[in-house]
Amino acid sequence: MASEGADVERDDDKIDEERAVAAAEAARPAGGESVRVDSWIWSVRLVKTRSMGATACRGGHVRVNGERVKPAYAVRVGDEVRLRQGIRERVVVVKRVIRKRVGAPAAVECYVDNSPPPPPREAVAPAGVRDRGAGRPTKRDRREMERLRGLGGPEAP
């Protein structure tokens, strides 16, 4: 009986994968083989909204084949897309061009992820967290928080 359950789970996984591939195929562009880069990074769920993708492009956080691109840049199969999000950089190679946003299983089928692993949570500790109810930070507190974050400002001895 236990093996039947495992077989059913494998069949369900296979069906889910087939649905994901079918969804990605349905989201393909009709005529051309290229899609706007802001639309593509939104479609494959690298950014939350398309406007965030366009903003990232305008801010210089998106590079295609090593060059900064505008939101309307056409992405093709085989292009390397680099997206900087905060301290993390995502490096993906376009495997399939899609226009519409699809589910996560289908989105993973559309690119090859060559990103370095994210830094451990201990390395990304929040600096300058104040206790609740401590009130507004003083000028001295604010300068200490900026110094801990590395935001520059006047260097005090």
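Setting aside neighbours within four places in sequence, Val 81 is in contact (heavy atoms within 4.5 Å) with Trp 40, Ile 41, Val 62, Arg 63, Val 64, Arg 90, Val 91, Val 92 and Val 94. The model is a predicted one, where local features need pLDDT of at least 70, side-chain atom pairs count only at pLDDT 80 or more, and totals for chains, interfaces and linings use all residues. Numbering runs from 1 along each chain as its sequence is written, and side-chain values use heavy atoms, with hydrogens and water left out.

Val 81 also turns up in the largest nonpolar core, a 25-residue set in which Val 37, Trp 40, Ile 41, Val 44, Leu 46, Val 62 and Val 81 touch the most other members. Such a core joins buried Ala, Val, Leu, Ile, Met, Phe, Trp, Tyr and Cys residues through side-chain atoms within 4.5 Å; buried means under 20% relative accessible area, exposed over 50%, partly exposed in between (1.4 Å probe, protein chains only). Helix 2 (37-43) is among the elements giving two or more residues, and its three are the largest share. Helices (H or I, at least four residues) and strands (E, at least two) are DSSP runs, numbered from the N terminus.

As for the sheet, five strands form an open arrangement in the order 3-2-5-6-7, with antiparallel pairing (at least two DSSP bridges between two strands). Strands 3 (67-68) and 7 (111-113) sit at the edges with a single partner each, so one side of each lacks a neighbour in the sheet. Three bridges link strand 6 (residues 88-94) to strand 7, and Val 94 has Tyr 111 as its bridge partner there.

A polar atom of the Ser 115 side chain lies 2.8 Å from the backbone nitrogen of Val 91.

Definitions and conventions. A polar contact is a pair of N or O atoms within 3.5 Å; within protein, one must be able to donate a hydrogen and the other to accept it, and residues adjacent in sequence count only if both atoms are side-chain atoms.
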